[in-house]
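Q: I am new to this structure and would like a close look at one part of it. Could you walk me through how a pair of helices meets, and then point out a few loop residues worth a glance?

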Amino acid sequence: MNQAFIRRVSFIAGLGGILYGFDMGVIAAALVYVRDSFHLSTLMQEVLVIAVLIGVMIGALVGGTIADRIGRRKTLVWGAILFITGSVVAPLSPNVYVLFVARALLGIAVGFTSVTAPVYVSELAPPQSRGMLIGLYQFALTSGIALADLVGYWFAGSQGWRLMFAFGLLPAVLFLFMVLTVPESPRWLFAQNRVAEAESVLKSYTDEAGTRLLLEDIRVSLMTKMERRWSALWSPAVRGSLFIAVGFMLLAPATGINAVVYYGPQIFALAGISSNKSAIFATLVVAITNVLATVIGLLLVDRAGRKPLLYVGIGGMTVALLVLSLCFHNQAALGSSLGIIATVCLMFYITCYAFSMGPIAWIIVSEVFPLRVRGRGVAAATLSFGTSNFLISLTFLSLIKAAGNSLTFAIFAAFCILTLIFVRFVIPETKGRELESISARQTVVAP
């Protein structure tokens with residue numbers, strides 16, 4: 001197995017994750033200054049944050065269909081073009097409405113790549129290292145968030161938000177250039193009866209015996225044709241996979257991760273850090289912690305397995321949120337020390353998320369569906385993630401005002417506990433198993 005080829009493909013697909021992370025994360029720093037430039041109300045701030053999420057849901061809804069019809073590689077190319085378009089329009093926006101449209105275009109690009117990139121990697125990767133290679137997408141995503149916070153810190157200022165958005169053009173152009181250098185997924189090619197091309201791609205990174213074995217595995221998994229109907233996701237053979245993927249992706253944002261990513265500076269302001277630049281810097285520290293902890297997850301996911309990491313990680317997230325909730329409840333007594341405690345709690349929280357749910361959510365989603373519906377299956381899961389993310393992001397600031405800081409973080413902790421229960425009774429262990437054998441075992445109708 002040509003590991004250099006596999007890692008190159010994973011790295012290129014991971015650039016989509018950098019763009020995902022950057023375009024989702026840059027709003028945290030930019031919003032502080034966009035709010036002042038356009039005199040935005042709390043509701044309008046939330047609406048601007050969800051612009052990307054609306055695009056993500058649209059991109060996820062159509063991205064799976066496009067990926068199944070024109071191929072994984074071409075879908076990534078179109079995603080790159082949309083990234084470039086949004087990155088040009090956003091910094092030139094004369095008002096909040098144009099900025100909303102630009103952010104929505106970036107969201108569609110995110111939807112395309114988040115549906116396609118993990119699937120693309122999963123269909124090329126060998127089972128013994130598939131978890132780590134798919135997880136590189138999450139590593140790239142967290143790197144993109146850290147890059148966004150770093151850029152936000154560099155360009156902090158009244159009009160610096162335009163430079164923050166413009167910076168996204170650089171990785172977008174690089175992504176397009178590099179995607180054009182990789183081959184199509186051999187599994188997709190085989191499904192389109194382009195067997196010779198599929199065999200050629202397989203031979204580029206494995207030997208003759210490995211090629212024959214993989215072709216036979218793909219042939220068996222495609223005894224039925226690629227499914228073009230969304231209703232096929234509700235068939236008895238796929239329903240269990242759908243329940244696993246959609247359920248897990250609905251719960252992930254409900255644990256509070258996206259509220260921390262999008263509203264980090266505001267959270268630190270609530271904790272007593274009054275300077276915008278200091279709050280952005282604290283958010284950057286949390287983002288760097290996110291990147292480093294993701295590396296731990298990538299190194300362990302194919303050794304320790306998916307479920308053990310989820311138990312430890314989500315358990316730690318629950319503890320961090322409960323402590324943060326308790327500290328906000330006693331904010332008057334803690335005084336200025338609350339800012340330090342909040343930073344430590346959020347660093348611990350993000351660490352636990354980054355080595356567990358962060359990469360493993362995308363890994364599980366890319367693994368559980370049979371090939372004939374994998375594009376649509378991952379699209380449905382991504383759409384559920386976007387919907388949950390949309391609701392959390394749209395209501396976070398309003399929830400803080402209505403329920404208070406302490407109760408808001410206690411609610412996130414409750415969702416962490418619910419997620420632990422879901423992992424215990426629903427999520428399968430997929431470490432080291434062929435994709436075809438994983439999907440074959442999800443044929444039981446889910447509860």
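A: **Where two helices meet**

On the H17 side, Trp 362, Val 365 and Ser 366 make contact with Arg 374, Val 378, Ala 381 and Thr 382 of H18. Sorted by class, this contact of H17 with H18 is made up of four nonpolar, two polar and one charged residues. Please keep in mind that you are looking at a predicted model.

Now for the geometry. Two packed helices are described by the angle between their axes and by the distance between those axes. Here, H17 covers residues 357-368 and H18 covers residues 374-403. Their axes come within 8 Å and cross at roughly 145°. The crossing in which H17 passes H18 is right-handed.

Next, let us turn to the loops. His 39 sits in the loop between helix H1 (3-38) and helix H2 (42-70). Its backbone has a positive phi of about 50°, although His 39 is not a glycine. His 39 counts as exposed because its relative accessibility is 70%, and the cut-off for exposed is over 50%.

Asn 193 is not a glycine either, yet it has a positive phi of about 65°. With a relative accessibility of 68%, Asn 193 therefore counts as exposed.

Definitions and conventions
Residues are numbered from 1 along each chain as its sequence is written. This is a predicted model: local features need pLDDT of at least 70, side-chain atom pairs count only at pLDDT 80 or more; totals for chains, interfaces and linings use all residues. Side-chain values use heavy atoms; hydrogens and water are left out. Axes are lines fitted to C-alpha atoms, for helices over the stretch in contact, and angles run from 0 to 180 degrees between N-to-C directions. Helices (H or I, at least four residues) and strands (E, at least two) are DSSP runs, numbered from the N terminus. A crossing is left-handed if the near helix is turned anticlockwise from the far one by less than a right angle, and right-handed if clockwise. Contact means heavy atoms within 4.5 Å. Ala, Val, Leu, Ile, Met, Phe, Trp, Tyr, Cys and Pro count as nonpolar, Asp, Glu, Lys and Arg as charged, and the others, Gly among them, as polar. Buried means under 20% relative accessible area, exposed over 50%, partly exposed in between (1.4 Å probe, protein chains only).
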